[in-house]
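I am opening a notebook on a structure that is new to me, and I mean to write down what I look up, one topic at a time.

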Amino acid sequence: MDQRISLITLACRDIPATTAFYEAMGWTRVPSEEGIVVFDLLGQALGLYGLEDLARDMGVPAERLGHGAATYACNVRDKSEVAEVLDAARAAGGEVLREAHDVFWGGHIGYFADPEGHIWEVAHNPFSRLGPDGAFRWNGYD
C-alpha cells in the first residue's frame, strides 16, 4: 500500500446541512454521483456520505460506526489565521470546541466540530512551514 490517503469519507446523517457548512467555509464541491458530495483537496478528496449507506457498504450496523476519536487538521501559514478559521467555522454553523491558544511545543491551535460532530484542528506550526501551494509536510518545506 502506498503511504498516502486518497479520500477521507465523513459519515453524515444530514448531507445537505454538512455540505452547506463546508461551502460556507469557502470550499467548492466537484461533480459526483448521487448520494455523495466531494470536495477536492490538495492531493486528496473529502467525501460526505450517508451514515447508513457507509455502514451498509462496510457490512456493519450504523451504531458500530459511532464517533471515532480522530481529528482532521488544517495547518495555516500564520498564527492569526487559526482564530480566523475558527470564527469562520462558528459563522458557518460549526461549534468551536477550543479557542485558538498557544501550545507547549511552540505552535498555536484551536478545534471546531462540523454540524455532524467531525472534529477539525486548525494549527499554525512554525516548525513545519507550508509549501507554496499550501501542501503540508511534517518537517516543513525549505
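**Entry 1: a pair in helix H2**

I began with Asp53 and Arg56, which both lie in helix H2, 3 residues apart, or about one turn of the helix. I was working from a predicted model, and I kept that in mind throughout. Asp53 forms a salt bridge with Arg56, and I noted that the closest N and O atoms are 3.0 Å apart. For Asp53 I looked up a relative accessibility of 28%, so Asp53 counts as partly exposed. Arg56 has a relative accessibility of 56%, and therefore counts as exposed.

After H2 comes Gly59, whose phi is positive, near 80°.

**Entry 2: the sheet that holds E1 and E4**

I followed E1 and E4 into their sheet, which is an open one of 4 strands in the order E1-E4-E3-E2, with mixed pairing. The edge strands are E1 and strand E2 (29-30), each of which pairs on one side only. E1 and E4 pair in the parallel sense over 6 bridges, and in this region I found Ile8 standing opposite Leu46 in E4. Helix H1 (residues 15-24) lies across E1, E2, strand E3 (36-40) and E4, and H1 runs at about 155° to E4.

**Entry 3: the other sheet**

In what order do the strands E5, E6, E7 and E8 stand? I read the order as E5-E8-E7-E6, in an open sheet of 4 strands whose pairing is mixed. Strand E5 (72-75) and strand E6 (95-102) stand at the edges with a single partner strand each, so one side of each is left without a neighbour in the sheet. The twist averages 15° from one strand to the next.

Inside this sheet I looked at strand E7 (residues 108-113) and strand E8 (residues 119-124), which pair in the antiparallel sense over 6 bridges. One position I looked up was Tyr111, whose bridge partner in E8 is Glu121.

**Entry 4: further salt bridges**

How many salt bridges does the structure hold? I noted 6. One of them joins Asp87 to Arg90, with the closest N and O atoms 3.0 Å apart. Asp87 and Arg90 are 3 residues apart in helix H4, and are therefore separated by about one helical turn. Asp87, at 42% relative accessibility, counts as partly exposed, and Arg90 is partly exposed as well, with a relative accessible area of 37%.

Arg90 also forms a salt bridge with Glu99, where the closest N and O atoms are 2.3 Å apart. Glu99 counts as partly exposed, at 43% relative accessibility.

**Entry 5: a residue after E8**

Is Ser128 buried or exposed? Ser128 lies in the segment after E8, and I found it buried, with a relative accessible area of 3%. Leaving aside its neighbours within four places in sequence, Ser128 is in contact with Phe136, Arg137, Trp138, Asn139 and Gly140.

**Entry 6: confidence**

The mean pLDDT of the protein is 92, and 98% of its residues reach 70 or more. Among the elements of the protein, I noted that H3 has the lowest mean pLDDT, 86, while helix H4 (residues 79-91) has the highest, 98.

Notes. Residues are numbered from 1 along each chain as its sequence is written. This is a predicted model: local features need pLDDT of at least 70, side-chain atom pairs count only at pLDDT 80 or more; totals for chains, interfaces and linings use all residues. Side-chain values use heavy atoms; hydrogens and water are left out. Helices (H or I, at least four residues) and strands (E, at least two) are DSSP runs, numbered from the N terminus. Two strands pair if DSSP finds at least two bridges between them. Axes are lines fitted to C-alpha atoms, for helices over the stretch in contact, and angles run from 0 to 180 degrees between N-to-C directions. pLDDT is the predictor's confidence in each residue, from 0 to 100. A salt bridge is a side-chain nitrogen of Lys or Arg within 4 Å of a carboxyl oxygen of Asp or Glu. Buried means under 20% relative accessible area, exposed over 50%, partly exposed in between (1.4 Å probe, protein chains only). Contact means heavy atoms within 4.5 Å.
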